[in-house]
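Okay, thanks everyone, let's get going.

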Amino acid sequence: MIYQKDTAEPSYLDYKGKYKGIFSWIFSTDHKRIALLYMFSILTFFAIGATLGLLMKFELIAPGRTIMSAQAYNAFFTLHGIIMIFAVVIPGLPAVFGNFLLPIMIGAKDVAFPRINLLSWYLYVTGVSLVVISQFTGQGPPDTGWTFYAPYSFRTAGNMLPAVFGAFVLGFSSILTGLNFLVTIHRMRAPGMTWLKMPLFPWTLYATGWVQLLATPIIGITLLMIVAERTLHIGFFDPTLGGDPLLYQHLFWTYSHPAVYIMILPAMGAISEIITTYSHKAIFGYKFMIASVLAIAFVGYFIWGHHMFTSGMSGTALYTFSLLTFIVAVPSAIKVFNWIATMHQGSIDLQTPFYWAMAFLFVFMIGGFSGLILGSLAANVHLHNTHFVVAHFHFIVFGGTGFAFFGAMHYWYPKITGRMYDTRWANIGLVLFFIGFITLYGPMFYLGFKGMPRRYYDYDEVFHAGNIVSTMGSWVLYSGLVIIVINLFASLKSKIKAPSDPWGGKTLEWTIPSPPPVENFEEIPTVTKGPYNYS
Amino acid sequence: MSKIKVILTSIVCLIGINSYSQTSLFNQQMQVGFEEKQGQYVDLNVKLVNEAGDTVLLKDVINKPTILNLVYYQCAGTCSPLMWGISKFIDGVDLKLGKDYNVITISFDPTEGIKLGINKKASYISTMKKKEEAKNWQFFVSDSVDIAKLTQSVGFDYQKVNDQFVHPTGLIALAADGKIIRYLRGIEFLPFDIKITMVEAAKGKIGPSINRLLAICYGYDSKGNQFVFNVTRVSAIVILFIVLTIFLFLALSRIKIHKKVSK
């Protein structure tokens, strides 16, 4: 591997540009600064969403009213869902780590459209602000859940329009980011970096970019149709206006299921990077990993109907969607097998990011297997709209994307900040986070299986014990989260400077100084070998 | 008028007015309505008597996309408003009657002579703007056997009650080969709906090519009895087109961007 020389060029953190202070960040078109803007925004919204979740779990510690009314609970889970889905997990890995690392990993100086990149962040902040404003204006906060299901979303007195419009603006941000990444990957790869010499994280961003570009406009148009229905009374989804509520569900899930892959594909990419680096071994089945990424993105478009098994569809549609749901598990399983095979006979270095990757594998597999149970038609009839779905969803989305996010954070932290973090506290945080996660969401499988419906602030006494355990899990998880975040922030002041390649990684980002200089590379590198060359 | 007759006459009127909003109307004693047979074929060997008094076969009349209108000329109910509706859309639609499409009105009352049809035609044409073109609107009568064949083949279920008929109200769109394309219910029709239906019946071969695009962009809402903008289909096409264009542009062109940007 050829390391870039330490140059006189300042790092992107020290660079003095035209603007100073906060303006040097919010007016910067440097992909690395924009990535950090996203990171701080997303962590802020994540803290809000997590606090809402914590309060919801506290409400559920006992039957009946504990700390909030039914209406407040409805508003809480709606805002929790909207923030976590649209403002945290969808942009999470692509916007933060994709922005920071994609150009570096492919040997480019920036993304193809730096100004559009900044615009994406502006749109992101505007969209989330609109959602938050909807909580405090109009006739009360929205209470429909993050899915905005028709016809209730047209009839509720809740302040729907700003929330829906906010989600629409967030969609635009997502599309522009996806487009930017696609053009960057097609046009700006370093000389010699052919498609099959590109690391897996950029590959997952590539597949994600197409999903963002193809699927996100659908939700944009759908949300506009809601706006048109509520304001102009054009009948799209409301039966009283001649609309069809099922059409809404189809359109919503045509986007929202692929959106799960916008969340999970980059997470898989980050996990691939982490496992290969700490195994000190080339990824097993590189081409199959790429094929499975593309297969997941492609098949992911055709399985939205499994969210609607009880909504009313033809038998043929039910069987088809169920079969396709099982088929999409195949490429996911290939990835899991390949990660395990990569570790086999590897020289494993047990570092914090590796632990995160192992935790990811554990929770992702539980999430995946429970997804197959939900994909079975007969089981779905019983489990639909119960806590089983909530548990599955959180194991996949929070377990998958969240664990990968924190794993990536610890993996690339030295590169991003130029400092090493305190490993001991990082590990303590991880252990608490993991125990809390399993304790919080594990009982939900049982509760759902026993018939506890989701989205109710009250429940029968028979569900009490499971809910107590689950609520206590939320406290442990939150404690772990606080430790992790404090440790990462405190480590910014660490005296231990990060070397260029603290983990023995082989991809291009480890060839440049930590933190990276403004232009990333003094000279655009020429790539001659594959991305994981440990031979 | 006997009590029963009053009730039956009321039923006739009610059915005439309301039948367009229902797939079929079932009475305990009678089955009246459109039994939709979309995709099937009308019996083209039905014999008809035209305005000249000649006997012709239906297949000689249907040589292009055709609106089939089944009425009886002495109807006291909805037949006249229905034919009035036809005259309105002939005036409004930007297709040429007799060239792009046909409209044929056939009496399903075997006791009626063609003279009644000729008089009806004359009275409607006198109120129309496109008087010359409207002459291509053809009126027919037929005998009971052929009427039965015709009405059964298109699913037009009606009943005779005393000297009146209880019958559905609407039009049947046929392709040039006699295939049943669509049932248009009601007594009034938007020229746009007729145009799209005829374009669909002709598989886009009539009128300017923009019509083909219209047929893709609009879908028939059988509950609302009209064509509506198919927002989901159009959006999907636009999204796919844009994404495909971006993909082809990125995949086929070889320009590399390695510009230095200002920070």
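So, α10(A) and α11(A) are roughly antiparallel to each other, a label we give to angles over 145 degrees, with under 35 called roughly parallel, 65 to 115 roughly perpendicular and the rest oblique. Here the axes of α10 (residues 315-343) and α11 (residues 352-375) of chain A cross at roughly 165 degrees and come within 10 Å. The axes are lines fitted to C-alpha atoms over the stretch in contact, and angles run from 0 to 180 degrees between N-to-C directions. Helices are DSSP runs of H or I with at least four residues, strands are runs of E with at least two, and both are numbered from the N terminus.

Before I go on, this is a predicted model, so local features need pLDDT of at least 70 and side-chain atom pairs count only at pLDDT 80 or more, while totals for chains, interfaces and linings use all residues. Residues are numbered from 1 along each chain as its sequence is written, and chains are lettered from A and ligands numbered from 1 in the order in which they are written.

Back to that pair. α10(A) passes α11(A) in a left-handed crossing, that is, the near helix is turned anticlockwise from the far one by less than a right angle, where clockwise would be right-handed. Who touches whom? On the α10(A) side we have, among others, A:Phe326, A:Ala329 and A:Trp339, and they meet a set in α11(A) including A:Leu361, A:Met365 and A:Gly368; contact is C-beta atoms, placed from the backbone, within 7 Å. By class, that contact has 7 nonpolar, 5 polar and no charged residues. Nonpolar is Ala, Val, Leu, Ile, Met, Phe, Trp, Tyr, Cys and Pro, charged is Asp, Glu, Lys and Arg, and the others, Gly among them, are polar.

In the loop between α10 and α11 of chain A sits A:Gln345, which has a positive phi of about 60 degrees although it is not a glycine. Buried or exposed? A:Gln345 counts as exposed, with 9 C-beta neighbours inside 10 Å; the cut-offs are 12 or fewer for exposed, 20 or more for buried, and partly exposed in between. A:Asn385, in the loop between α12 (377-383) and α13 (387-417) of chain A, also isn't a glycine and has a positive phi of about 60 degrees. A:Asn385 is exposed too, with 12 other C-beta atoms within 10 Å.

Next pair: α2(A) and α15(A), residues 464-490, pack at about 155 degrees with axes 9 Å apart, and their crossing is left-handed. α2(A) brings A:Ala50, A:Gly53, A:Leu54, A:Lys57 and A:Phe58 to the contact, and α15(A) brings residues including A:Ser474 and A:Tyr478. The class count there is 5 nonpolar, 4 polar and 1 charged. In the segment after α15 of chain A you'll find A:Pro515, joined to A:Ser514 by a cis peptide bond with omega about -10 degrees.

Now α4(A), residues 114-136. Its buried residues include A:Trp121, A:Tyr124 and A:Val128, and among what covers them are α2 (31-59), α3 (70-105) and α6 (160-187) of chain A.

Last, chain B: 9 helices and 14 strands, with buried residues making up 37% of its 263 residues.

Notes:
Contact = placed C-beta atoms within 7 Å.
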